[in-house]
Amino acid sequence: MRIVGLTGGIASGKSTVSNLFKSHDIPVVDADVVAREALKKGSGGWKKVVAAFGEEILLDNGEVNRTRLGQIVFADPDKRQFLNRLLAPYISSGIFWEVVKLWSKGYKVIVLDVPLLFEAKIDKFTKPIIVVWVDPETQIQRLLTRDKSSEEDGRNRVNAQMPLDAKKSKADIVIDNTGSLDDLNEQFQKVLVRVTGPLAWYEFWRSRQGVSIILASLTSGAKKDGSSVHFFPRTMNDHENEKSILTKLKQQCGGQFTSNMEGMVSLFCSIIKENFVLYVGFSRLQIWRWRRGIKQVEYLTNILMS
C-alpha cells in the first residue's frame with residue numbers, strides 16, 4: 001500500500017489538490033475532518049478543550065466555536081501548542097483507523113491530507129510527500145479574500161505554521177499553485193501519473209493483496225486433517241486463541257501496549273478466514289511513536305507472517 005503525504009499551508013490550495021485526488025477515485029484521509037470529529041460535542045477531545053479554554057469557546061448549541069478558538073490559539077503560540085497536545089492523540093488515532101479501513105477495502109494508494117505533516121512527524125510514514133506551494137504574499141492575499149479576516153489575523157495564521165519554503169525543501173513533489181486553476185490541473189495530471197504508478201515491492205507486500213498472498217503461500221504447504229488446515233501451533237478459529245496472541249503482544253511490548261494495538265489485532269483476526277492460521281512475527285512488529293511535545297500514541301501497524 002502506498003501512503004502519499006499531502007500538505008501545504010493555509011490558503012495554499014491544498015484542499016483543491018485533495019479534491020482533485022478524490023475526483024480521480026483516490027481515497028483521501030483528511031486530517032481536518034478527523035479534527036472536527038475529535039471536537040464534536042461530548043467527545044473526549046471536546047471535554048478536554050472545554051475544560052482547558054472554558055465555555056466561552058462554545059456556540060449556543062454546545063459545539064466548539066472553531067473561529068473563536070482559532071483566534072485564541074493563533075494569537076498565542078503557547079496556547080496553540082497546548083491545544084495541539086490536547087487533541088494530538090484523538091487526531092492521530094482517527095487518521096490511523098481511517099487508513100486501516102481503507103486498507104481493509106483493498107485500496108493500494110491512499111492520500112493523507114495533513115496540514116501539520118512535518119510538524120507532527122507523520123511525514124516519516126508517507127512516500128512520496130507532496131507540498132502545495134505559493135509565495136507568502138499570495139498566500140496572505142488569498143487568505144484575506146477567502147476568510148474576509150483582518151490582515152493582522154491573516155498574518156498570525158500564516159506565521160503560526162511552518163513556512164512553505166521550509167516544507168518545499170522537504171518535499172518529493174512540489175505543486176506550484178501561484179498560477180491559474182488550469183496550471184494547477186496540468187501539474188496535477190503529472191503528479192497523478194507518478195502517484196498511481198506501479199507499487200514498489202515493499203508497498204505491495206503491506207497492501208491487503210500482498211498480505212493475502214503471504215497467507216496463501218503459508219498455508220499451501222501445511223498438512224491437512226479433514227477440512228482444517230494446521231500450520232504453526234495457534235489458529236484463529238476461536239476467541240481464546242485471539243486472547244493468546246494479545247497476551248504475547250502485551251508481554252513483548254510491556255507497558256507500551258495500548259487499546260489501539262488490541263483493536264488492530266482483533267481487526268486482523270476478524271479478516272482472516274476461519275481455517276487460516278496467523279503467526280505473529282514479533283521481529284517484524286513495528287510500533288510507531290509520534291512525538292515532539294505530543295503525548296505518545298503507539299500503533300500496531302503491521303502484523304506480518306514470518
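This is a predicted model: local features need pLDDT of at least 70, side-chain atom pairs count only at pLDDT 80 or more; totals for chains, interfaces and linings use all residues.
Residues are numbered from 1 along each chain as its sequence is written, and side-chain values use heavy atoms, with hydrogens and water left out.

Salt bridges were assigned where a side-chain nitrogen of Lys or Arg lies within 4 Å of a carboxyl oxygen of Asp or Glu, and by this rule the structure contains nine salt bridges. One of these joins R2 to E203, with the closest N and O atoms 2.8 Å apart. This pair links distant parts of the chain, since R2 belongs to strand β1 (residues 2-7) and E203 to helix α10 (residues 201-205), 201 residues apart; here helices (H or I, at least four residues) and strands (E, at least two) are DSSP runs numbered from the N terminus. Both R2 and E203 are buried, where buried means under 20% relative accessible area, exposed means over 50%, and partly exposed covers the values in between (1.4 Å probe, protein chains only).

Other salt bridges lie within single helices. In helix α7 (residues 151-159), R155 and E151 are four residues apart, about one turn of the helix, and their closest N and O atoms are 3.0 Å apart. R155 is partly exposed, with a relative accessible area of 28%, and E151 is likewise partly exposed, at 44%. These two residues also belong to a network of salt bridges that links E137, E151 and R155.

A salt bridge is also found between K101 and E98, with an N to O distance of 3.4 Å. Because K101 and E98 are three residues apart in helix α5, they are separated by about one helical turn. K101 is partly exposed, with a relative accessible area of 46%, and E98 is partly exposed at 31%. E98, which is placed in helix α5 (residues 77-104), has its C-alpha 9.3 Å from that of V28, although E98 and V28 are 70 residues apart in sequence.

The structure holds five aromatic pairs, a pair being counted when ring centres of Phe, Tyr and Trp (its six-membered ring) lie within 6.5 Å, with planes under 30 degrees apart classed as stacked, over 60 as edge-to-face and the rest as tilted. The rings of F96 and W97 have centres 5.0 Å apart and planes at 75 degrees, so this pair is edge-to-face. F96 is buried, with a relative accessible area of 10%, whereas W97 is partly exposed at 23%. An edge-to-face pair is also formed by F204 and W205, at 5.2 Å centre to centre and with 70 degrees between the planes. F204 is partly exposed at 24% relative accessibility, and W205 is partly exposed at 34%.

Helix α9 (residues 181-195) contributes three residues, the largest share of the negative patch. D182 lies in helix α9 and counts as exposed, at 59% relative accessibility.
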